[in-house]
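Subject: Model for your files, with notes

Dear colleague,

Here is the model you asked for.

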Amino acid sequence: MSTQRILFCSSEVYPLIKTGGLADVAGSLPHALKKMGHDVHIVMPAYQSVFKKLKLAPKICADTSILNYPVRLMQTTLPGTRVPVWLVDCPEFFNRPGNPYLDESGDPWPDNALRFMVFSRLICSIALNQCGLNWQPDIVHCNDWQTGLVPALLEEEKSRPATVFTIHNLAYQGVFDRNTFEQMQLTDYFWHYERLEYYNHFSFIKGGLVYADRINTVSPKYAQEIQTPEFGHGMQDLLLHRSNKLSGIINGIDIKTWNPGTDEHLAKKYNRNNIKDKINNKRALQTHYSLPVDDKVLLLGLVSRLAEQKGIDILLSIIPEVINHPVQLVILGSGEKSYEQALKKTSLKFPKQVSVQIGYDESLAHLIEAGSDVFVMPSRFEPCGLNQMYSQRYGTLPIVTPVGGLHDTVTDINSETLEQNTATGFILENVTEASLLQTIDRALGYFSDNSTWTSIMKIAMKQDFSWEKSAGKYTQLYQQAILDNHKPVID
Ligand code: ADP
Ligand code: GLC
């Protein structure tokens, strides 16, 4: 295998900054690629909070200006790894507190287009070896709309590297108005429906979807789904048109961070051989959430961004039914205010069985994975989803909808899969309230049979969700992108 020089571009990278699964992927895939011998660099914005996470001050390695804004490029290392990280330090756009995409009231920062345009332009300078770094990648791997313009901006460059664009979530497209387009100093060439224009608006994600040498998404099932009107968010025709360049590669997980045998966030560590110790985490979780400590109830856990995608309303509407069973529900999440309020209201109504913590809490997320019996993910769509994989590793059986990566990473419990020792969780028949209720009923049935439940837990804990296989698939994808980049275009 030949080694590749890879520039991995992401707007969030764990543990430096995280709002969702993209950060987890950007913090673990480059590390896996590096371990395979590739020369990988990550590039991300230097948000204010990132500096607080670093033990040593980063080195300044380039000083430049983009669209008249001063920008410095700094270098550090991804904590816990030897992967170099370039931080794009443009104080005008990144030196502010809070969320990378949203202001204090939860609205997108009004200058998001400029912020990620500056980021994308700097990525292009690195890609073309114009930053004085004496390093040019073979591959620029872009992720989600924030880096979508990169393949478009590189398209006309003669000695450009190959480009890969990964869709982590097609619901977020980076769409702005015509005025914003005019501030970007892009040529009018791009204002065309086959390029960056989208219904008289300016779309960042189209830069990736139209121009990347290869496009992929984070599960094979979602790669199929997004070519249909139901899941395509308006991009289905474009994706169908490019379907010979589109594939799905399932995400891996960081098996060191998410390991019940070594996890410092747990009340009691455990593994497959002392699975009984898991119960201490259930008790700790019930105590944390002020619920009655009871080993016998089925404890359902949920950790999520509170967004329409995640089907929170589906769960909310069946809670009055669910609580007629010996069930408790613990929730950790933040996001849309309407869901936050509805969840709080429900927990006040059923204080002995439902408890909610609004906010973002890394440590509690680990305890929920360890302490719950079942992890619920009623997503309407789910490009990959990571929690159902974390759950299996923690012997917490997931209940999931039959979509995207949930479908691809959970094996439904039925007589056949039980016989074959492959069952790892519960898959809903449809994304409906009735189906969720029926599945929770089904889980209660299995839960009452302790020995069957324990044997399924052990199978779930045995699943290999490490990055190894998928990182290998990415290197093949990079190879294909390099070939496509060098192929003469014949119309
Ligand atoms: P998405 O990226 O769509 O939010 P994923 O399942 O891919 O969904 O990843 C979500 C990640 O964010 C998981 O690591 C999950 O544990 C974490 N997470 C989500 N909400 C919270 C929260 N409120 N507190 C702590 N971690 C959270
Ligand atoms: C997105 C998706 C999620 C996926 C994550 C990482 O945020 O919503 O399903 O796991 O990206 O790829």
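The notes below go through strand pairing and then helix packing.

This is a predicted model, in which local features need pLDDT of at least 70, side-chain atom pairs count only at pLDDT 80 or more, and totals for chains, interfaces and linings use all residues. Residues are numbered from 1 along each chain as its sequence is written, chains are lettered from A and ligands numbered from 1 in the order in which they are written, and side-chain values use heavy atoms, with hydrogens and water left out.

Strands around strand 5

Helices (H or I, at least four residues) and strands (E, at least two) are DSSP runs, numbered from the N terminus. Two strands count as paired if DSSP finds at least two bridges between them.

Strand 5 covers residues 84-89, and six of its six residues are buried, so the strand is largely enclosed by the rest of the structure. Buried means under 20% relative accessible area, against over 50% for exposed and partly exposed in between (1.4 Å probe, protein chains only). In a regular strand the side chains alternate between the two faces of the sheet. Here Pro84, Trp86 and Val88 point one way, while Val85, Leu87 and Asp89 point the other way.

Strand 5 runs parallel to strand 2 (residues 39-45), joined to it by four bridges, and Met44 stands opposite Leu87. With strand 4 (residues 69-77) the pairing is antiparallel, over six bridges, and Thr76 stands opposite Val85. Strands 4 and 5 form a hairpin with six residues between them, and Gly80 in the turn has a positive phi of about 80°.

Strand 4 also pairs with strand 3 (residues 59-66), in the antiparallel sense, over seven bridges. Ile66 has Tyr69 as its bridge partner in strand 4. The hairpin of strands 3 and 4 has two residues between the strands, and Leu67 takes a positive phi near 50° there.

Three strands make an open, antiparallel sheet in the order 8-10-9. Its edge strands, each pairing on one side only, are strand 8 (175-176) and strand 9 (197-198). Strand 8 is joined to strand 10 (residues 201-203) by two bridges, with Val175 opposite Ser203. Helix 7 (residues 204-211) lies across strand 8, strand 9 and strand 10, at about 55° to strand 10.

Helix packing

Axes are lines fitted to C-alpha atoms, for helices over the stretch in contact, and angles run from 0 to 180 degrees between N-to-C directions. Angles under 35 degrees count as roughly parallel, over 145 as roughly antiparallel, 65 to 115 as roughly perpendicular and the rest as oblique.

The axes of helix 11 (residues 312-322) and helix 12 (residues 337-349) come within 11 Å and cross at roughly 20°. The two helices are therefore roughly parallel to each other. In their contact (heavy atoms within 4.5 Å), Ile312, Asp313, Leu316 and Ile319 of helix 11 meet Tyr339, Ala342, Leu343 and Thr346 of helix 12.

Helix 10 (residues 278-288) packs on helix 13 (residues 362-371) at an angle of about 125°, with the axes 8 Å apart. That makes helix 10 oblique to helix 13. Residues in this contact include Lys278, Leu285 and His288 of helix 10 and Leu364, Ile368 and Gly371 of helix 13.

Regards
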